[in-house]
Amino acid sequence: ARRAAISQNFATQYDLKYLEFSLKTQFIKFFYQTVEAYQQYELALKSNESLLNIRNLVETRYKEGLRTSIDLRLAESSFSSSKIVLENRKIQYKTLLRNLETLMGKYPVGDLIISSYMPKSLPGIPIGLPVDLIERRPDVQSEIKKLEAAGYKLAQSKRERLPSIYLTASGGTSTDALKEILNGDYTVWSLASNLTAPIFQAGRIKSNIKINQNALDIAKSRYIKKMLMAFSEVETLLFNESSLKIQYNEIINNEEQTLATYDLAIDRYESGVSDLITVLNLQQQWINSKSKKINIEYQKINNRLNLLLALGGDFNSE
């Protein structure tokens with residue numbers, strides 16, 4: 001019973017440790033989510049500035065009689081839409097910033113200075129990570145301790161089938177009085193009752209053994225389920241890590257190509273070769289590409305943090 005209590009106490013400590021580890025991880029993820037919101041807001045500012053330049057270019061050529069009013073209205077409409085997007089991005093950023101200040105115990109003014117960028121590269125994942133890294137996870141350790149506690153409780157319930165013999169009786173009789181069991185000395189009657197008690201409680205003891213056996217089986221199943229879930233999390237996150245790396249490389253190339261195409265379209269529009277719709281479409285493609293790049297950078301960090309959480313720490317097995 002004492003060992004069961006100790007194991008259960010360890011299980012509770014591991015649960016608290018995992019909660020602390022998880023909360024730290026969630027805070028860092030939330031921090032970088034705020035950084036992403038800031039970058040998206042900065043991108044909206046850049047898009048608004050770009051569309052303002054297009055509007056001014058169209059207005060100048062309209063006054064010169066080189067463009068129709070349709071182009072001017074289309075440019076004005078796109079510029080107005082960018083203002084709406086800009087305000088929405090600002091709301092998202094400020095909301096996350098105030099929430100971050102609240103988590104840090106600060107008054108949510110919304111003026112906290114945070115990083116304006118996210119790491120472009122993360123430490124590489126070593127080849128041949130040992131499987132036992134997963135077993136150090138506090139939540140896995142908690143299940144192990146709960147399994148141990150269930151085993152001790154089963155052993156305890158089986159021990160109850162045996163009589164309990166004490167070296168002293170309830171009246172404080174000395175150990176020398178043990179010899180009086182056979183001569184009818186009633187001062188040690190409580191000792192004799194302990195010998196016969198299991199006989200009269202056989203049904204209860206048998207039921208307790210079944211209950212604790214079932215509890216042990218459940219603890220085993222929970223441990224196996226926890227381990228399978230842990231392995232599934234690690235496998236999924238390692239796969240995501242590889243996929244996000246490919247996506248990031250492609251989005252960089254996509255951003256470069258869309259920007260070059262957009263710049264070319266602007267030149268062609270100024271020369272009277274291209275139309276405004278092509279320019280606006282390419283500008284939007286460029287902005288979308290940059291926005292996806294920012295989001296993938298955040299996903300890489302988020303996935304890596306989830307991987308560290310799934311492994312119970314960094315890649316160092318020690």
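Is Y262 buried or exposed at 7% relative accessibility? Y262 counts as buried (under 20% relative accessible area, with exposed over 50% and partly exposed in between, using a 1.4 Å probe and protein chains only). This is a predicted model, in which local features need pLDDT of at least 70 and side-chain atom pairs count only at pLDDT 80 or more, while totals for chains, interfaces and linings use all residues. Residues are numbered from 1 along each chain as its sequence is written, and side-chain values use heavy atoms, leaving out hydrogens and water.

**Aromatic pairs**

- There are 4 aromatic pairs in the structure (rings of Phe, Tyr and Trp, the last by its six-membered ring, with centres within 6.5 Å; planes under 30 degrees apart are stacked, over 60 edge-to-face, the rest tilted).
- F31 and Y32 form an edge-to-face pair, because their ring centres are 5.2 Å apart and their planes meet at 80°.
- F31 is partly exposed at 21% relative accessibility, while Y32 is buried at 19%.
- Y262 and W286 are stacked, with 5.6 Å from centre to centre and 15° between the planes.
- W286 is buried too, at 9% relative accessibility.
- Y38, Y41 and Y93 are linked into a cluster by ring pairs.

**Charges over rings**

- K145 has its charged end over the ring of F10, 5.2 Å from the ring centre (NZ of Lys or CZ of Arg within 6 Å of the centre and within 35 degrees of the ring normal).
- K300 lies over the face of Y248, 4.2 Å from the ring centre.
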